[in-house]
Amino acid sequence: MTAETPPNRKTVSDDDTELIRAINAGHAERFPELVRRYEQKLYNFGRRMCRNESDAEDLVQDTLLNVFRYLNEFRYETKFKNWLYRVAANTCLKKRRRSKFAPEPELSLEELARPEEAETLEQAPEWARMPLEQLLNEELLETLNQAIWSLPEKYRIVMILRDVEEFSTEEAAQILNLSPANVKVRLHRARLFLRDRLRGYFSHDL
Amino acid sequence: MTCKPHDHRHCLELFSKLSEYIDREMDEGELREIDAHITECLACLSCLQSLKQTIALCKQTGLQPVPAVFSQKLQSMLQDLQRSR
């Protein structure tokens, strides 16, 4: 049964709406079209969330299975892309809960603050002032990816949604079922953690 | 630019808001407060610049192509799904 939008609820229409309505009206043969639109983004989301490639592939497969199963519950109240990432995020977080029992470490703002910076700096480090095109190379991207994988998952997922996938704070909060304030706190700590790793990398290089 | 002597405890307070400042997700008063502070505090300016650069780098991580073998695996999974409906 297709979920109807209750009266007085605002609906969102975007480039995917017509396709999803068609699939939900019985044209399941068009589902691969939807997959083709998001396959690469979803795969890359999976690769960033999971260090292990086969885990990333499992995440993509399980997400698509869940989308196929529950697409008729999509109520057109948000962009499909946001709903898709909500399914992917839930799939990912459920997998972690099943596979690990140790609580995730917290990132402490005090530890990331490094007050000694205040006393020793004369100017911003060179890497922070260089144009991106001069900085970027494969080794740096590899370092950054390793740093992203080192983030505790609850920080990593927020950082990926905000700074890589470029969802707004509100959207990331809806996707993760968190308050916007909580998203902001986690994002700031994740960014500081990554900044710290990059500082370590550049302190050897520059 | 010189760094005027000041109480760095205030820096730590502002430090916790730097991402909101970068994202322009704070009220005008707070934005102006940080605007003014970074013109006088090298440490906070440096922190701000390195944080902005970190974010810019994260946005450059790019999209990898989906491996052909995995893409084929997905296609066959989709065919099975459709048959099962």
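Student: Among contacts in chain A between residues at least 6 apart in sequence, what percentage join residues at least 24 apart?

Tutor: This is a predicted model, where local features need pLDDT of at least 70, side-chain atom pairs count only at pLDDT 80 or more, and totals for chains, interfaces and linings use all residues. Residues are numbered from 1 along each chain as its sequence is written, while chains are lettered from A and ligands numbered from 1 in the order in which they are written. Two residues are in contact if their C-beta atoms, placed from the backbone, lie within 7 Å. Of the chain A contacts between residues at least 6 apart in sequence, the share that joins residues at least 24 apart is 69%.

Student: How many helices does chain A have?

Tutor: Helices are DSSP runs of H or I with at least four residues, strands are runs of E with at least two, and both are numbered from the N terminus. Chain A has zero strands, and its number of helices is twelve.

Student: Which helix gives the largest share of the side of domain 1 of chain A that touches domain 2 of chain A?

Tutor: An automatic or database assignment sets the domain bounds, dividing chain A into domain 1 (17-99) and domain 2 (109-205). Ten residues of domain 1 of chain A are in contact with 13 residues of domain 2 of chain A. Helix 2 (31-49) and helix 4 (80-99) of chain A each give two or more residues to that side of domain 1. The largest share, five residues, belongs to helix 4 of chain A.

Student: Is A173(A) buried, exposed or partly exposed?

Tutor: You can find A173(A) in helix 11 (residues 169-176) of chain A. A residue is buried with 20 or more other C-beta atoms (placed from the backbone) within 10 Å of its own, exposed with 12 or fewer, and partly exposed in between. Because 19 other C-beta atoms lie within 10 Å, A173(A) is partly exposed.

Student: On the side of chain B that touches chain A, how many residues are nonpolar?

Tutor: Here 38 residues of chain B are in contact with 43 residues of chain A, and helix 4 of chain B brings the largest share of the chain B side, 14 residues. Ala, Val, Leu, Ile, Met, Phe, Trp, Tyr, Cys and Pro count as nonpolar, Asp, Glu, Lys and Arg as charged, and the others, Gly among them, as polar. That side of chain B has 14 polar and four charged residues, and its nonpolar residues number 20.
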